[in-house]
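Please examine the sequence and the model shown below before reading on.

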Amino acid sequence: MSDFLQHVINGLSAGTIYALVALGYTMVYGVLKLINFAHGDVMMMGTYVGYASALQFKQRGGFGMASVLAIFFLSMAACAAVGWLIERFAYRPLREKPKLTALITAIGISFAVSYGFQMDWGFLPGPNPRAFPEVIRRQPWLTLLDGEVTLWNWQVISFAVALGLMAGLQYLVFRTRFGRAMRAVSHDHRTAALLGIHTDRVIAVTFMLGSALAAGAGILFAIKDVKIEPLMGTQQGLKAFVAAVIGGIGNVPGAVVGAVLLGLVEEFVVGYTASSWRDAVAFGFLILVLLLRPEGLFGRVTAEKV
Amino acid sequence: MSGVGSAGSERPAELLLECQGLHVAYGAIQAVRGVSLSVRKGEVVALIGRNGAGKTSLLRAVSGMLRPADGRITLEGKDITGMPSHLLVARGMAHAPEGRGIFPNLTVEENLGLGAWLRTDADGVAADEAWVLSLFPRLKERWAAAAGTLSGGEQQMLAISRALMSRPRLLLLDEPSLGLAPQVIQLIFRILADVNGKGVSILLVEQNAHLALNLAGHAYVLETGEVAMEGAGKALLQSEDVRRAYLGE
Ligand SMILES: Nc1ncnc2c1ncn2[C@@H]1O[C@H](COP(=O)(O)OP(=O)(O)OP(=O)(O)O)[C@@H](O)[C@H]1O
Ligand SMILES: [Mg+2]
């Protein structure tokens, strides 16, 4: 019983972070019908921006509420800028070209960034893992069943940040004028343009939002796992992508559900077998879902009237 | 090209839209080949022709969905050739595209609202919304429904209403009668006449030549990307060639 509960806690905590990354894949896929394989690497860059700013704060006397918020903000802003650059200069020129061209470009950017960051000159961090500073002092927040189950303070914070960001996104997409335009562009950008919507701008902002969410997730991963390295984006990104596909790529609630499920399944399989199974779980789960529901859990095969 | 009955038909003097020597191509496929046509202020102009004649391609070039390979398009005297769609809306053009182009996952309300995307006059938008709902009361009954659940006729009503929500001076319609029951078609054409009465000029692409030529002051017949005939709508209705080729007589 205590094991079970602990796995649920850990699974949810990992799953909500995956969800933030998965949302970026699904949003970009929504507006561009492109799998942005560089998304995980954007997350990694955000984590390093967070790392660099955390070091600065540490030198200046430690972490308070304000500095933690600043770390999130800096890293999210940096990633929004990176997302804008990638969209503007890599994907936009290819928009009317075959999808494969953009896909290959995405993979190219991913490699360039993840291996570029392993170089050791200038601001680049080099191949060795770094330890993310302890921006939130780890403390049990709640212990249950005579101390056998622990809910950590950072898990609570991570959970709250992830839910807050998701709620914000949900509100933006379904309740605001911009969100309405986003949904229109995602269905058909040519028709959206016929109504006066500046589709390039909507797509660019979508990229920036997705990238900023990824940066937030990167910091949460770093708080959770401590270790950060240039290849973390490829690893975690791929799993978040799997989560988005499980939920039905292009579907916002689907990405969240897929990611939380993935977090739980991964945690349970690892908890009850061996941790070497962790990475196999994601893809096993993906294959299983796609066999049973090729469109993903929430994906719809939309039938449109002609 | 032959003019039919042009002697007696007076078109309004003021030009709204003019295409000169327009070419549209998809790679090697030439869809529109040197078309010149005009819409004068206050007119309904019909564009008829068989499947694949290039009607949709022409509308797409006019509304900026496609960049023409050659030729010139002017709106109210200003060159708009190759201008992107979203800028043309601000200049008074609305295009209800082939296949209606409604957003199935958005509600009727949201679809209509998007039609007024660029407008900032909340009162005017509310008044226009009331107006289109008085034209198509059926839409009010389906107000909160996802547009994808509407019937074909309701979707067409929504597509036309949404185009009107930008308060256009020029309305481009691509086959509004396609796939609809006769009563619905009658309704829609009555309303188009109403809309035109309010001063909105219309460029109407139609397969249903009979209805289109009855409504239109002026009309063009497109054959394999070229204007084969033009003239007053009523005059084309009387023409032997048109009757044989497009009215099934
Ligand atoms: N996206 C496209 N790619 C390639 N060729 C196209 C494309 N769209 C249209 N065409 C071709 O261009 C020509 C004109 O097509 P268009 O859709 O303009 O005709 P239309 O008059 O609107 O026909 P319909 O009455 O069937 O709607 C056709 O030969 C068509 O096959
Ligand atoms: Mg057509």
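**The shell around ligand 1**

Of the 13 residues around ligand 1, those that come nearest are B:Tyr26, B:Ala31, B:Asn51, B:Thr56 and B:Ser57; a residue counts as near if its C-beta atom, placed from the backbone, lies within 6 Å. Helices (H or I, at least four residues) and strands (E, at least two) are DSSP runs, numbered from the N terminus. H1(B) provides the largest share, 3 residues. By class, the shell around ligand 1 holds 4 nonpolar, 7 polar and 2 charged residues. Here Ala, Val, Leu, Ile, Met, Phe, Trp, Tyr, Cys and Pro count as nonpolar, Asp, Glu, Lys and Arg as charged, and the others, Gly among them, as polar.

The model is predicted: local features need pLDDT of at least 70, side-chain atom pairs count only at pLDDT 80 or more, and totals for chains, interfaces and linings use all residues. Residues are numbered from 1 along each chain as its sequence is written, while chains are lettered from A and ligands numbered from 1 in the order in which they are written.

**Sheets of chain B**

In chain B, 4 strands form an open sheet in the order S3-S2-S5-S6, with antiparallel pairing. Two strands pair if DSSP finds at least two bridges between them. S3 and strand S6 (78-79) of chain B are the edge strands, each pairing on one side only. H1(B) packs on the sheet and touches S2, S3 and S5 of chain B, its direction making about 115° with that of S2(B). For such angles, axes are lines fitted to C-alpha atoms, for helices over the stretch in contact, and angles run from 0 to 180 degrees between N-to-C directions.

Strand S4 (residues 44-49) of chain B has 6 of its 6 residues buried. A residue is buried if 20 or more other C-beta atoms lie within 10 Å of its own, exposed if 12 or fewer, and partly exposed in between. On one side of S4(B) are B:Val44, B:Ala46 and B:Ile48, and on the other B:Val45, B:Leu47 and B:Gly49. The table lists strand pairs of chain B.

| Strand pair | Sense | Bridges |
|---|---|---|
| S2(B) (residues 15-26) and S5(B) (residues 70-75) | antiparallel | 5 bridges |
| S4(B) and S9(B) (residues 201-206) | parallel | 5 bridges |
| S4(B) and S10(B) (residues 218-223) | parallel | 5 bridges |

H6(B) is mostly covered, with 11 of its 13 residues buried. Its cover includes helix H4 (122-135) and helix H7 (182-197) of chain B.

In total, 25 residues of chain B are in contact with 18 residues of chain A; contact requires C-beta atoms, placed from the backbone, within 7 Å. Helix H2 (85-90), H3 and H6 of chain B each supply at least two residues of the side that touches chain A.

**A buried residue of chain A**

A:Ala22 lies in helix H1 (residues 2-32) of chain A. A:Ala22 is buried because 35 other C-beta atoms lie within 10 Å. Among the residues that A:Ala22 touches are A:Ala240 and A:Gly258.

Methods. Contact = placed C-beta atoms within 7 Å. Lists of a residue's contacts leave out its neighbours within four places in sequence.
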